Amino acid sequence: NANEKRDCRIFEEYAFYLIEIARKSSGVDEDFQLNIDGNIYAFDSTTIDLCLNVFWWAKFRKTKGGIKLHTLYDIKTSIPCFIHISTASVNDMNALDLLYYEPGGYYILDRGYVDYERLYRIHQCSAYFVVRAKSNLQFRRIYSNKVNKTGGVLVDQIGKLTGFYTSKSYPEKLRRIKFYDKETDKELMFLTNNFDLTAEEIAQLYKYRWKVELFFKWIKQHLKIKSFWGTSINAVKIQVYSAIIAYCLVALVCNKLKIDRSTYDILQILSISLLDKTPLNELLTNQKYKDVKELYNNQLKISWI
């Protein structure tokens with residue numbers, strides 16, 4: 001009842017405030033190996049299923065409800081920098097219209113976001129995109145760059161779109177790269193408007209997109225946003241933004257205190273030590289907290305005799 005009356009915009013604004021602080025305090029992750037100037041973002045969405053009989057406003061299909069969490073994820077700092085919550089029926093590409101594109105920034109997109117008019121908007125903002133191409137791509141090669149096939153790059157071409165509508169939506173040159181991924185034994189095709197990076201760097205940029213997938217998995221599993229206490233859209237948004245706030249706070253603790261632990265470990269240590277008066281730095285560096293397991297305090301069942 002309280003979550004229905006509280007305004008979710010309070011939690012939304014505070015979440016974005018903490019996101020800004022967390023990004024400023026975070027350095028570049030050690031697992032990011034590329035030497036590229038400018039911010040690098042991955043944009044994607046995840047669907048959270050809801051019962052349509054209870055969450056009547058979250059229409060998705062005839063018998064199914066849900067919401068989508070559209071997220072712009074900072075690859076270098078591992079911090080989400082933009083969150084938008086919509087019903088699951090909203091097309092993913094529509095969320096691209098809500099973004100502000102930084103000049104010199106890189107935006108990594110899955111092939112579900114292939115919309116040439118919107119991609120051209122990114123190009124006009126002097127930003128770069130890397131998107132996985134669809135199988136029905138109509139592309140005319142103008143010239144080819146030399147490739148080193150031992151690195152996995154099969155094709156590196158510069159050309160233009162040849163479709164009637166697509167060529168009008170994106171009239172400039174594009175770069176098409178075909179890459180063989182040994183791990184998945186698949187050939188992947190990428191489109192980008194960046195002509196300076198090597199083809200291997202473009203493929204590696206797209207590989208970093210898995211970070212946003214890990215973020216979705218992490219926040220669903222550990223911050224409890226798969227079940228909700230309130231049924232109104234306001235209550236659902238409050239709970240999601242509270243999870244983002246918790247994620248940013250844990251990231252701030254990790255960065256400020258330079259703790260050599262994962263975000264998951266820090267969250268679990270804090271969850272079982274809420275009433276502990278030990279200083280935070282000592283609490284998180286104490287060796288007895290190795291391999292912290294998540295607590296499951298399920299209510300006991302009533303036994304009828």
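Student: Where is Ser-78 found?
Tutor: This is a predicted model, in which local features need pLDDT of at least 70, side-chain atom pairs count only at pLDDT 80 or more, and totals for chains, interfaces and linings use all residues. Residues are numbered from 1 along each chain as its sequence is written, and side-chain values use heavy atoms, with hydrogens and water left out. Helices (H or I, at least four residues) and strands (E, at least two) are DSSP runs, numbered from the N terminus. Ser-78 sits in the loop between β3 (64-74) and β4 (79-87).

Student: Is Ser-78 buried or exposed?
Tutor: Buried means under 20% relative accessible area, exposed over 50%, and partly exposed in between, with a 1.4 Å probe and protein chains only. Ser-78 has a relative accessible area of 14%. Its class is therefore buried.

Student: What is the phi of Asp-185?
Tutor: Asp-185 lies in the loop between β9 (174-181) and β10 (186-192), and it is exposed, at 53% relative accessible area. Ser-78, not a glycine, has a positive phi of about 60°. Asp-185 is also a residue other than glycine, and its phi is positive, near 55°.

Student: Which residues is Phe-16 in contact with, leaving aside its neighbours within four places in sequence?
Tutor: Phe-16 counts as partly exposed, at 25% relative accessibility. Contact means heavy atoms within 4.5 Å. Outside its sequence neighbours within four places, Phe-16 contacts Cys-81, Phe-82 and Ile-83.

Student: Which residues does Ala-203 touch, not counting residues up to four places away in sequence?
Tutor: Ala-203 counts as buried, with 7% relative accessibility. Val-236 is 33 residues from Ala-203 in sequence and 37 Å away in space, C-alpha to C-alpha. With residues up to four places away left out, Ala-203 touches Phe-179 and Phe-190.

Student: Which residues touch the most other members of the largest nonpolar core?
Tutor: A nonpolar core is a set of buried Ala, Val, Leu, Ile, Met, Phe, Trp, Tyr and Cys residues joined through side-chain atoms within 4.5 Å. The largest one has 91 residues, and those touching the most other members are Phe-43, Ile-67 and Leu-205.

Student: Where does the largest share of this core come from?
Tutor: Of the core of 91 residues, the largest share is 13 residues. Their source is helix α7 (residues 233-256).

Student: How many disulfides does the count come to?
Tutor: A disulfide is a covalent bond between the sulfur atoms of two cysteines; here the rule is a pair of cysteine sulfur atoms within 2.5 Å. Cys-248 is buried, at 0% relative accessible area. The closest cysteine sulfur to that of Cys-248 is in Cys-81, and because it is 10 Å away, it is too far for a bond. By this rule the number of disulfides is zero.

Student: What share of the residues in the protein is buried?
Tutor: The C-alpha trace spans about 75 × 50 × 40 Å along its principal axes. Among contacts with a separation of 6 or more, 55% join residues 24 or more positions apart. Of the 305 residues, the buried ones make up 47%.
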